Amino acid sequence: MRDQVLTDKPIVWTIAGSDSGGGAGIQADLLTFCDLGCHGCSAITANTAQNTVEVAAINAVSIEVLGSQLRALQRDLFPAAIKIGLLAKAEQVLEVADFLQKLRALQPVPVIYDPVAIATSGAGLTEGDITAEVLSQLLPQCDLVTPNFHELEWLSQVTVKDAESLLGAARQLQSEGGAAVLVTGGHTQLRLGEVSDLLWDGKKADWFIGSEVSGNNTHGTGCTLSSAIAACRALGYPLRDACVVGKAYVQRGLRLGANTHIGAGAGPVGHCGWPLELVDFPEILVPGEARAQDYGLGAQGVAQPFIHGFAEVDSSRMGLYPVVDTLEWLQRLAEQGVRTLQLRIKNPGENLREQIERAVAIGRAYNLRLFINDFWQLAIQCGAYGVHLGQEDLQAADLAAIQSAGLRLGISTHGFYELLLAYRYRPSYLAIGAIYATNTKDMSDQLQGVQKLARMAALLPDYPLVAIGGINVQRAGEVIATGVGSIAVVSAITKAEDYKQAVAELNALLDNEYAEVEPC
Ligand SMILES: Cc1ncc(COP(=O)(O)OP(=O)(O)O)c(N)n1
Ligand SMILES: Cc1ncsc1CCOP(=O)(O)O
Ligand SMILES: [Mg+2]
């Protein structure tokens, strides 16, 4: 069992400077990798002499020393992701860029670069200027670069004075090197009390809004953030999920580490395990909300006013939730006592309205929680119990109309980022998928797995959550154990040899879990 756990750990490298004070650099990176379930390896670029109040020396290593570490790692410990921190001179930048180019030709590896070059005091940390080498050689080998405001100004050559110029600088940097840009807001607040990061990936801008934590233990936050993002990428999380979890990990370290006393100056940020509490996660800014203007999102055309708070479902545990495409299935399953159902018609004929009207009538007759997938206008017109919408539908649908008609709203999500984004609308439930591979719909690039589901479900313990995708009688137990109150299934019922037995077995698993959670 122990071996199994160890071999399952993804390998993450940090190419960075050692901080003799133990708060930043390699030391912070390895603590982060370990906390987030990865095996950390290191290639040291400089043996810095520092404590919590001063950087006394940098002590860059030679190209030979740096290169020999990288080559030794490559021979035996191929990385699932790489974090780069302090590169102390131009030759090091070129050595690492060249190495990465060859390594990534063998196999794609996500690379996250935290451009550490200026200390908080303003002192340069490099021997000479490395700007040209970073821009022309290193950034093209990186997937993400995580500058703070000063580093953004340095690399983009754009003066940052507000949200608009910040986005302009991020766009400039991204277009230059090709890497996505996450601008960290720890040093400058655009809104009082908020510490917000901007992600620009070349297509879309996202603001992740965190709340300020009072306290002086902030040393190593940039290193920790970029390492946490690298760890999450190694775990297979897409970029946005990795950024959101990384920010939450740092926030948790700031919050729980605020009262430790280490050194006379800025103490190290805490390393406190996987973030499982919603309080540490950023809010994702939604266009149309009041503060969007302060983050430069006010001028983007006519944003839909931000609508939140939809009619509630009567229980956070909606239980077994079959998703079916005919009225016959609705009728059959209602007769079996199933209470939560969805009508999901993907090839509508001319009688769509009539089908929805009849579905609503069945729903009323059996007192169902019946959700209509996609067709929200017809659902409103027919007086349905609720509608289910995907992420893309959120932009197109008239949420105000759904809300004012009193319909419940369920929203699909595929990871932390979408979960947090959809949660801002306070829908009636949030669906998470696909948990496993499924033949019902191509979800191959959006598989979540049970461990990630459990981590997402932990954030919203009392909120109605639905898991979907590849769930069957064999797998339902471990899904229900994550704490979700509902499992949505298609083929486990519609393709079952005996659908009545499938309903009974899935219900028994749900009842069993609920009985264990709720003492009578
Ligand atoms: C309960 C539940 N969860 C997710 C989905 C998927 O909805 P969506 O993302 O809109 O995709 P389609 O179902 O329209 O293909 C769902 N239908 N139900
Ligand atoms: C509609 C949908 N959305 C995410 S997975 C999925 C299909 C689930 O079907 P099955 O239960 O047969 O895997
Ligand atoms: Mg849909």
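The legends below describe close-up views of a predicted model.

Local features need pLDDT of at least 70 and side-chain atom pairs count only at pLDDT 80 or more, while totals for chains, interfaces and linings use all residues. Residues are numbered from 1 along each chain as its sequence is written, chains are lettered from A and ligands numbered from 1 in the order in which they are written, and side-chain values use heavy atoms, with hydrogens and water left out.

**View 1. The two domains.** The protein is divided into domain 1 (11-264 + 277-295) and domain 2 (319-515); these bounds come from an automatic or database domain assignment. Their centres, taken over C-alpha atoms, are 39 Å apart. In domain 1, 20 residues are in contact with 13 residues of domain 2 (contact: heavy atoms within 4.5 Å).

**View 2. The largest nonpolar core.** This core has 105 residues, of which Leu399 and Ile493 touch the most other members. A nonpolar core is a set of buried Ala, Val, Leu, Ile, Met, Phe, Trp, Tyr and Cys residues joined through side-chain atoms within 4.5 Å, where buried means under 20% relative accessible area (1.4 Å probe, protein chains only). Helix H9 (residues 239-256) gives the most to this core, nine residues; helices are DSSP runs of H or I with at least four residues, and strands are runs of E with at least two, numbered from the N terminus. Because domain 1 and domain 2 both give residues to the core, it lies between them.

**View 3. Surroundings of Ile493.** Leaving out residues up to four places away in sequence, Ile493 touches Leu320, Pro322, Trp329, Leu333, Tyr499, Ala502, Val503 and Leu506.

**View 4. Ligand 1.** Of the 17 residues around ligand 1, Gln342, Arg344, Lys346, Ser412 and Lys441 come nearest (around: a heavy atom within 4 Å). A polar side-chain atom of Gln342 is 2.9 Å from a nitrogen atom of the ligand. Strands S14 (386-389), S16 (429-433) and S17 (465-468) are the elements that give two or more residues to the shell.

**View 5. Ligand 2.** The residues around ligand 2 include Arg344, Thr438, Lys441 and Met443. Oxygen atoms of ligand 2 lie 2.7 Å from a polar backbone atom of Gly470, 2.9 Å from a backbone N or O atom of Val490 and 2.5 Å from a side-chain N or O atom of Ser491. The protein buries 94% of the 370 Å² that ligand 2 exposes when taken alone.

Methods: Buried < 20%, exposed > 50% of the residue type's maximum accessible area, 1.4 Å probe, protein only. Polar contact = N/O pair within 3.5 Å; in protein donor to acceptor, adjacent residues only side chain to side chain. Areas by Shrake-Rupley, 256 points an atom, 1.4 Å probe, with all protein chains shown as cover.
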